[in-house]
Amino acid sequence: MSGAVRKALTIAGSDSGGGAGIQADLKTFQELGVFGMSAITAVTVQNTLGVRNVYPLPPEAAAEQIEAVGSDLAPDALKTGMLFSAEIIRAVAAQIRAFGWSRVVVDPVMIAKGGATLLLPEAVAALKEELLPLAQVVTPNIPEAEALSGIPIRGMSERREAAKRIHSLGAKHVVIKGGHDESGRGERIVDLLYDGAGFTEFGGQRIMTRHTHGTGCTFSAAVAAELAKGTAAAEAISTARAFIQAAIEDELALGLGHGPTNHWAYRRRMEQGGRP
């Protein structure tokens with residue numbers, strides 16, 4: 001695919017505040033030099049202060065968008081974000097299977113920063129059964145990893161066990177993000193990767209800021225963008241880690257609540273000095 005335009009598809013909810021969801025994903029794709037496409041699963045009414053309402057689309061609407069993109073534009077990789085219901089999850093999984101896509105990143109979005117539910121409780125089983133077996137990479141935070149693995153996570157040993165359990169559900173690479181790890185607050189964040197053979201840790205300095213809205217969406221979108229370029233999973237995760245670190249460090253300070261991250265920070269750093 002030398003010289004070809006690489007393409008990535010995001011299947012997720014729309015964020016009217018622009019910091020997460022479809023909007024964050026498309027910004028991330030663009031910043032990493034990948035052509036972005038979308039299939040919207042829900043429309044959320046939100047800003048930096050929180051989610052006011054969620055309007056899920058019919059499952060067939062999500063499926064038809066995916067089919068339209070897949071039959072014409074052939075994404076090189078895709079990511080899923082907010083899927084909301086078991087019915088939407090099943091419709092999305094059916095399309096992924098029908099097209100035979102393998103570069104699939106699953107961000108198991110469950111709860112918004114402000115506490116709003118973005119995945120119905122009864123949909124967790126469908127996520128585990130239908131979508132995780134299709135994932136090349138799954139990127140849960142610690143609360144999401146607890147829900148997927150069925151065990152409480154208090155430290156790195158439990159995180160490793162949870163990663164193994166999630167891997168056993170079919171995902172080829174499991175990245176349990178460390179942002180919710182209270183034991184490391186004020187010091188470093190460690191994201192843990194398990195590929196079925198061993199563990200790799202990706203570390204970064206914890207930045208004390210409230211402007212972290214959309215970090216999970218942005219991280220998983222960066223992984224998908226790199227996979228679309230043909231990058232190996234571990235390297236894609238490493239680049240995504242650097243991308244989100246820069247996005248948090250170079251804050252925009254927008255809004256009165258949990259503001260968005262800076263999606264152009266990584267590219268500007270690379271242009272200025274060649275290092276993120």
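Modeller: Let us begin with E249, which is partly exposed because its relative accessible area is 33%, where buried means under 20%, exposed over 50% and partly exposed in between, computed with a 1.4 Å probe and protein chains only. Please keep in mind that this is a predicted model, in which local features need pLDDT of at least 70 and side-chain atom pairs count only at pLDDT 80 or more, whereas totals for chains, interfaces and linings use all residues. Residues are numbered from 1 along each chain as its sequence is written, and side-chain values use heavy atoms, with hydrogens and water left out.

E249 forms a salt bridge with R269, and the closest N and O atoms of the two are 2.7 Å apart; the term stands for a side-chain nitrogen of Lys or Arg within 4 Å of a carboxyl oxygen of Asp or Glu. This pair links distant parts of the chain, since E249 belongs to helix α8 (residues 233-249) and R269 to helix α9 (residues 265-273), 20 residues apart. Helices (H or I, at least four residues) and strands (E, at least two) are DSSP runs, numbered from the N terminus.

In the whole structure, a search finds 13 salt bridges. One of them pairs D25 with K79, whose closest N and O atoms are 3.0 Å apart, and this pair too links distant parts of the chain, with D25 in helix α1 (residues 21-31) and K79 in strand β4 (residues 77-80), 54 residues apart. D25 and K79 are both buried.

The pair E161 and R165, by contrast, sits within helix α6 (residues 156-167), where these two residues are four residues apart, about one turn of the helix. Their side chains meet in a salt bridge with an N to O distance of 3.0 Å. E161 counts as partly exposed because its relative accessibility is 33%, and R165 likewise counts as partly exposed, at 36%.
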